[in-house]
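Visitor: I'm new to this one, could you walk me through it?
Guide: Gladly, here it is.
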Amino acid sequence: MKTFDLYEEVRSEHIRKSRSAAKRTLIKDKEDRKHDSLKGLVIAVVGKFIIVRQYETNDLYECTIAGTLVTENYKSSLVAVGDSVSFREQIGLKESEQSDDELLNGVIISVKKRGTMLARKAPGKSTRELVMASNADYLFLIVSAEQPGYNLKLIDRFVVSAELGGLKTAICVNKIDLADDLDYIHQDFETYLKLGHTVFYISALNNDLKEIKKFLKNKITVFAGPSGVGKSTIINKIIGEEIQAVNEISERTNKGQHTTSSVRLFELKGNVNIIDTPGIREFASSGLEKEELALYFHEFDEYFPKCKFPSCSHIHEPDCAVTAAVESGEINAERYESYVNIYMSME
């Protein structure tokens, strides 16, 4: 498929170029003057290089960000896959020197306000949030039953961040063929079913994924999860081609290797749109205050209004209805542990 081949060429060439010093960008909330600009959709981000598909012609442009960018997306990634942008074409090679397979060049001058997003906290002391994808409908969180086993606390961090960003969540438990006790796994994920999340149990190697393909129709879905859980294998099977490289699990660490090093959008037949994100091992929610966290653990909803103190953290205060519900078994103890873990990690 031509689009994917072009993407890989750009990715290989500009991993080297992206090591150069990043220029500073002035962010503004409105334009001072009108530009003759094109409109497009960001379909891939490779370092500081962005691939945009023009809406009208479907031409692909390799873009950088202008020195002055108009955007309302403050304190977050300037551009993310899924963004709707305005850009100017930039004349590079002479037409006679440019091959048919080369991307056109452009400069992004404005980014529309995002409707939804999946974001994580930037590493270090940065206050800017890293937007993994924007304007999607669902987070499709992929974990595995074994090799590597799933981490419920990591799942909860994703679920909170998805809701915070306006996304619904579906969870896919892959590699069930490797599990010794499926009943135990079903018990672990029963809580998410009760909270209204969709849960799939599959073996990507052995199943045809018909139910997942049906689920993905008429949606923009962000695929995310830890490294090594089989995300690339699942995408390959949905697309029907070996587009994504599939790596073996690292025997030394029993953790997945990073197969995907950038974010990209696959636009498939049947109005199936998949935004593939890199595998990760740690995930911290962004844009959430400590006192708001309990609102995203919906099994607490009927209890926290009964707490003695209106500002109850549900951790150490006396007469806390939430902790009483945990002790009585009405609230899942592992979910509560996730809440405490996230709460204590927030600044």
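This is a predicted model: local features need pLDDT of at least 70, side-chain atom pairs count only at pLDDT 80 or more; totals for chains, interfaces and linings use all residues.

Visitor: Which residues touch the most other members of the largest nonpolar core?
Guide: Among the 52 residues there, they are Ile108, Leu118, Ile155, Phe158, Val173 and Phe189; such a core joins buried Ala, Val, Leu, Ile, Met, Phe, Trp, Tyr and Cys residues through side-chain atoms within 4.5 Å, buried being under 20% relative accessible area with a 1.4 Å probe and protein chains only.

Visitor: And which helix gives the most to this core?
Guide: Helix H2, residues 152-164, does, with 6 residues; helices here are DSSP runs of H or I, at least four residues, numbered from the N terminus.

Visitor: Switching topic, how do H2 and H3 sit together?
Guide: The axes of H2 and H3 (residues 182-194) come within 12 Å and cross at roughly 15°, where axes are lines fitted to C-alpha atoms over the stretch in contact and angles run from 0 to 180 degrees between N-to-C directions. H2 and H3 are therefore roughly parallel, a term for angles under 35 degrees.

Visitor: Which residues meet there?
Guide: Leu152, Ile155 and Asp156 of H2 meet Asp188, Phe189 and Tyr192 of H3, with contact meaning heavy atoms within 4.5 Å.

Methods. Residues are numbered from 1 along each chain as its sequence is written. Side-chain values use heavy atoms; hydrogens and water are left out. Buried means under 20% relative accessible area, exposed over 50%, partly exposed in between (1.4 Å probe, protein chains only). Helices (H or I, at least four residues) and strands (E, at least two) are DSSP runs, numbered from the N terminus. Angles under 35 degrees count as roughly parallel, over 145 as roughly antiparallel, 65 to 115 as roughly perpendicular and the rest as oblique.
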